[in-house]
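Please read them alongside the sequence and the coordinates.

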Amino acid sequence: MNNKKFMAKKRIYLDYAATTPVDPRAIKAMLPFFNEKFGNTMSLHSFGQEAKLALEKSREQIADLIKAKANEIIFTSSATESNNLALKGIAFASRKKGNHIIISLIEHPCIMETAKWLEKNGFEISRLSIDKYGLVDPEEVKKLIKKETILVSVMHANNEIGTIEPIEKIGAICKKQGVYFHTDATQTFGKIPIDVNKINADLLSASSHKLYGPKGVGCLFIREGVKITPLLHGGGHESGLRGATVNVSGIVGFAKAVELAKKEMKKESKQLAKLRDKLIKGISENIRDSQFNGHPEKRLPNNINFSFSFAEGESLVIQLDLLGIAVSTGSACSSDKLLPSHVLSAIKLKPYQIHGSLRFSLGKWTKEADVDYVLKVLPNIVEKLREISPYKK
Amino acid sequence: MSNRFYTKKVIEHFKNPHNLGELENPDGIGRVGNLQCGDVMHIYIQVEKDKKGKEIIKNIKFKAFGCVAALSTSSVVTDLAKGKTLDKALQINKENIIKALGGLPLIKIHCSVLAIDALSEAIYDYLKKNKRKIPERLKTNHKRIQKELKILEKRYADLK
C-alpha cells in the first residue's frame, strides 16, 4: 500500500520467502567495496587485484557451504538468471545429445517460463506430477528419462507450500542414467544443509537476498566437467560463463550472509520450526475450516501455508497489512495475470481454497510475540470476511 | 492508476464497506461472478415509489467473496444507486465507480464491471418478478452473466 495514513504503527514482517532484510554484518562487509576497494576485477593494477581477491574469497566461502569447489561457483544477478542459465545453457550445450528436459509442475515461474520458451524453440519438456503434499515421485523421474533426456530440474523446496523434495533420490537416478541434474535451491540455501555430492547435483541455483544478503546477486553451482553455454557473452568474466563487470560489493555481502548462515543455520532453523509449529497449531485450533497446505514433516522450517474457505486472499493480506502484518497469497486477485497459484492448483486444492490461501514465512528476526499477535488477530479477520461472503456457512 | 496499489478511498471503503449485508425481503437480487479471478458478488434491492410516483431504489445491500477492489467497488455502486430511479441507476458506469474511488489499478477495472453487473441483475430480477418490460440491453447482459455464473457456481458447488 502506498498510503502512509494506513500504515500500521506495529510492523511484523512474515514474508521472508519473498525477500529478507540484509543482515547488518553483511552490510558492514560490503561498504568498503563501494568507494574504497571499488576496482574492476579484470584490471591488472592493485585496485583490480584487491577486488579480485575479495571475489575469489567470496567464491570459496559460498562453495564451502554446499561442499563444492570454488571454481564450480558462477556468480549471477539472481536465482532467475541462474535458473535461466542452467536450463538454456544445458539445452544449447547438449543439443546434439538430445532435446528432452524434465521439470516438475511446481517449479518457480522462472523455471516454468524458461521451459515453456525452450518448448517453443524445439525442446521437449516433461512435467513431473506431484501428490497432494507437493511431493515429486522419484519413480516417475525414472520412467520419464529416455535416450534424448539431457536434464532433470526439480526444486529443492517449494517457495509457496514449503515442501522439501526428495532430491537425493532424484539425483541418484539422474547420475545412474547419465543425465544432468539441476536443483533450484533458492529457498533452502543457507536454511538447511546442502551437500552437492550427497544429492548428486550437477547444477544448483541460489540467491543472496533470501538469506539476509543483498538483492541483485545469485549464483549457479556448475559441477566440474559439465558443459554449458553462456547467456551473456562478453569480456571473459566468470570463466567465460558470464560476461559483465562483477558486482563485487553484492558478492561480498552474499558471502558474508553465507558465512553467517553456516554458523547460525542450525540454531535458527530449530527456533523457526518451533514458531512455525506454534502458528500451524494455533491456526488449526482457532480458525474453523482452515486447511493446512504442504507436507507436515518434509517442510521448510520457516514456511506456513493455509487456505481459509470463503475468505479471499488479497482481502486477507490487506486486512493483515492494515494491522502491520506482512504475508502473501496465491489468490488470482493478487496475481498480475489474474491467475491462481500454479502450485496450489497442482496440489489439487479447490478453486475457493486457492482463492483464500495465505503464506506466512518466518525469519531470524521473527519473535514469538509476532506469532502470538497473528494468532490474536487472524481469527477475527477471517471471520469478518466470511461474514460478508455470500457463501458463508 | 496503472500501478498495483490502491488509493486511500479504496482502502476506506474496504475497511468500512457501506451497505454491507442482506435485505430480508428484497424486491430484486443480482448474483454475479467473475470467471477469471473467481470473485462473487450479490446485490439486494428494495424498490419503492417516490413522491412523483417514480420507482426508486429505496434500500440496497451487498455481499461479496472477493478482493479489496471487489469489496470497495460494491460499496461504491450501492452508494451511487441508493435513492436513484431505476433508469438512473442503470446509467451508472464503471467510470463513475472509478472516479468515486479516486482510481483503480488497471488490473482491477474488471471488479467495477462486476459491481455494475450485479446492480443491473438485481434490477432485471425486480422487473422480471413484476412482469415488467425489460430493456434489451439488460436481457443481453443477463444471458451473459448467467452463463458465467453457472460455470463459477459449479466450481464452488460444495460451498453451498
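**Notes on helix packing and domain contact**

1. In chain B, helix α1 (residues 8-15) packs against helix α2 (residues 68-81) at an angle of about 85 degrees, their axes lying 8 Å apart; helices here are DSSP runs of H or I with at least four residues, and strands are E runs of at least two, numbered from the N terminus. Axes are lines fitted to C-alpha atoms, for helices over the stretch in contact, with angles from 0 to 180 degrees between N-to-C directions. α1(B) is therefore roughly perpendicular to α2(B) (65 to 115 degrees; under 35 is roughly parallel, over 145 roughly antiparallel, the rest oblique).

2. This is a predicted model, in which local features need pLDDT of at least 70 and side-chain atom pairs count only at pLDDT 80 or more, while totals for chains, interfaces and linings use all residues. Residues are numbered from 1 along each chain as its sequence is written, and chains are lettered from A and ligands numbered from 1 in the order in which they are written.

3. On the α1(B) side, the contact is made by Val10(B), His13(B) and Phe14(B), and α2(B) contributes residues including Leu71(B) and Val76(B); contact requires C-beta atoms, placed from the backbone, within 7 Å. The contact residues comprise six nonpolar, three polar and no charged (nonpolar: Ala, Val, Leu, Ile, Met, Phe, Trp, Tyr, Cys, Pro; charged: Asp, Glu, Lys, Arg; polar: the others, Gly among them).

4. Chain A is assigned domain 1 (9-20 + 265-387) and domain 2 (24-260), with bounds from an automatic or database domain assignment. Their centres, taken over C-alpha atoms, are 28 Å apart, and each domain gives 24 residues to the contact.

Methods. Contact = placed C-beta atoms within 7 Å.
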